[in-house]
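Please look over the model shown here before reading on.

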Amino acid sequence: MVYVSPVQKLYNTCNEVFDSCSAGIIPSPDNIQKLKAVLDDFKPADVGLSPDMPHVRASVAGKSTPVIRYIHIHECDKFSIGIFCLPPSGVIPLHNHPGMTVFSKLLFGTMHIKSYDWVDDVPPSTSAVVSTSKSKQPDVQQLEVRLAKVKVNSNFTAPCNTSILYPSDGGNMHCFTAVTACAVLDVLGPPYSEPDGRHCQYYLDFPLADFSEGEKEGSAWLSEREKPEDLTFVGELYRGPVIVEN
């Protein structure tokens, strides 16, 4: 019997699962479970990763915001595979995944995930919000906001099951915060693509108590923002088993 490495099996399964999919088209339930089963068994060593590797914990001198390391494994028109390595207190801010089905497998460490889905029957509105500026004078801004409901707001510690989000369900907008040094293997189908309109949009979230509507448990207003200036991704070389593309 020919040995097939776990990462090769992942690539082969992604090829099958996303072959007939495109933006907004979700794989069949059977294919979702097939890919989830492959990822659920994944271990750091399967992609040449160890919690002791220097770049998992390293930062850049002079930066107060922890640097996020990204290990690119594969990308094509149908899907992408990569690993985000976060040092303690590292944050990937709240962002979306337009038209995508996303599988996230925590390889090691503890991560807090907070995610939202849009509340479809509430239109966007413009409201005043008091910013969290440390200035003595409150900074009142007019923001266009849209109502979202919290899907997940919990800590996850490896080993744990793969989480899945969909184009309009499952927490399409999420934020990762590293409680300890951690790494998460991400599969996106299809991947981000500026030419195809799949842009990574970042958001600020505000409790409903910040607005005149009052507070509603489990919901928040989200407002679009530019990519945070202090957010830095640094590429790292993939050192795991080679994938044979077909």
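This is a predicted model: local features need pLDDT of at least 70, side-chain atom pairs count only at pLDDT 80 or more; totals for chains, interfaces and linings use all residues.

A residue is called buried when its relative accessible area is under 20%, and exposed when that area is over 50%.

In α2, the buried residues are Asn31, Ile32, Leu35, Lys36, Val38 and Leu39. They cover an arc of only 160° around the axis, which puts them on the same side of α2. Pro29 and Asp30, by contrast, are exposed and lie on the other side of α2. The partners against which the buried residues of α2 pack are α1, β4 (101-108), β8 and β10.

The aromatic side chains come next. A search of the whole structure finds six aromatic pairs. Phenylalanine 18 and phenylalanine 79 form a pair that is stacked, with 6.1 Å from centre to centre and 25° between the planes; the angle counts as stacked because it falls under 30 degrees. Phenylalanine 18 lies in the loop between α1 (6-17) and α2 (29-40), while phenylalanine 79 lies in the loop between β1 (68-75) and β2 (80-86), so the pair ties together parts that are 61 residues apart in sequence. Phenylalanine 18 is buried, with a relative accessible area of 1%, and phenylalanine 79 is buried as well, its relative accessible area being 0%. Both phenylalanines belong to one aromatic cluster, which is formed by Tyr11, Phe18, Phe79 and Phe103.

| Cis peptide bond | Omega |
|---|---|
| alanine 158 to proline 159 | about 0° |
| glycine 189 to proline 190 | near -5° |

Proline 190, joined to glycine 189 by a cis bond, has its place in the loop between β10 (182-189) and β11 (202-207).

Which residue has a positive phi although it is not a glycine? Serine 89 does, with a phi of about 75°, and this serine is found in the loop between β2 and β3 (91-95).

Key:
Residues are numbered from 1 along each chain as its sequence is written. Side-chain values use heavy atoms; hydrogens and water are left out. Rings of Phe, Tyr and Trp (its six-membered ring) pair if their centres lie within 6.5 Å; planes under 30 degrees apart count as stacked, over 60 as edge-to-face and the rest as tilted. Helices (H or I, at least four residues) and strands (E, at least two) are DSSP runs, numbered from the N terminus. Buried means under 20% relative accessible area, exposed over 50%, partly exposed in between (1.4 Å probe, protein chains only). The arc is that of the directions from the helix axis to the C-beta atoms. Contact means heavy atoms within 4.5 Å.
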